[in-house]
Amino acid sequence: MIKSIGILLIAAAILWIEVPPLLEKKYKKELLVFSILLAIGVGLSITLGFKKPIPNPFDLLTFIFKPLDDVITLLLK
């Protein structure tokens, strides 16, 4: 619980530092991307703080491309 509070405090500090210049310059798209990436980072960090497993992106790529690999292997034999 303390880890998640610490992560949220750090995220709030990052927002406090980074968002005002983006708003002054009217960089709305950059602010949107920054917010999405920060939310993903905070979510993953809190998940790691609770010692929950995070799925590996390589497993998803393997799941997607394995059938394609099998077909290409069969065609090339």
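Guide: Let's start with Leu76, which sits in helix 3. Helices here are DSSP runs of H or I with at least four residues, strands are runs of E with at least two, and both are numbered from the N terminus. Before we go on, a word on where this comes from: the model is predicted, so local features need pLDDT of at least 70 and side-chain atom pairs count only at pLDDT 80 or more, while totals for chains, interfaces and linings use all residues. Residues are numbered from 1 along each chain as its sequence is written, and side-chain values use heavy atoms, with hydrogens and water left out.

Back to Leu76: its relative accessible area is 72%, so it is exposed. That word has a cut-off: exposed is over 50% relative accessible area, buried is under 20%, and partly exposed is in between, with a 1.4 Å probe and protein chains only. Leu76 also belongs to a nonpolar surface patch, together with residues including Phe58, Phe63, Leu68 and Ile72. To join a patch, a residue needs over 30% relative accessible area and no salt bridge; nonpolar side chains (Val, Leu, Ile, Met, Phe, Trp, Tyr) are joined within 5 Å, like charges within 9 Å.

What about salt bridges, then? One turns up in a search of the whole structure, and it links the side chains of Lys66 and Asp70 at 3.4 Å, N to O. The term asks for a side-chain nitrogen of Lys or Arg within 4 Å of a carboxyl oxygen of Asp or Glu. Both partners lie in helix 3 (residues 57-76), 4 residues apart, about one turn of the helix. Asp70 is partly exposed at 38%, and Lys66 is too, at 43%.

Nonpolar side chains tend to be buried together in soluble globular proteins. Here the largest nonpolar core has 9 residues, among them Ile7, Leu22, Phe34, Val42 and Ile46. Helix 1 (2-24) and helix 2 (28-49) each give at least two residues to this core, with the largest share, 5 residues, coming from helix 2. A core like this is a set of buried Ala, Val, Leu, Ile, Met, Phe, Trp, Tyr and Cys residues joined through side-chain atoms within 4.5 Å.

Zoom in on Ile7: beyond its neighbours within four places in sequence, it is in contact (heavy atoms within 4.5 Å) with Val42, Ser45 and Ile46. Ser45 is in helix 2 and is partly exposed at 33%. Ser4, in helix 1, is buried at 11%. Leaving out residues up to four places away in sequence, Ser4 touches Ile46 and Phe50.

Finally, step back. The chain has 3 helices and 0 strands. Its radius of gyration is 20 Å, well over the 11 Å that the globule rule gives for 77 residues, so the chain is more spread out than a compact globule. That radius is taken over C-alpha atoms, and the rule is 2.2 Å times the number of residues to the power 0.38. The C-alpha trace spans about 60 × 35 × 10 Å along its principal axes, and buried residues make up 13% of the 77.

Conventions: Accessible areas come from the Shrake-Rupley method with a 1.4 Å probe; for residues, only the protein chains shown count as cover.
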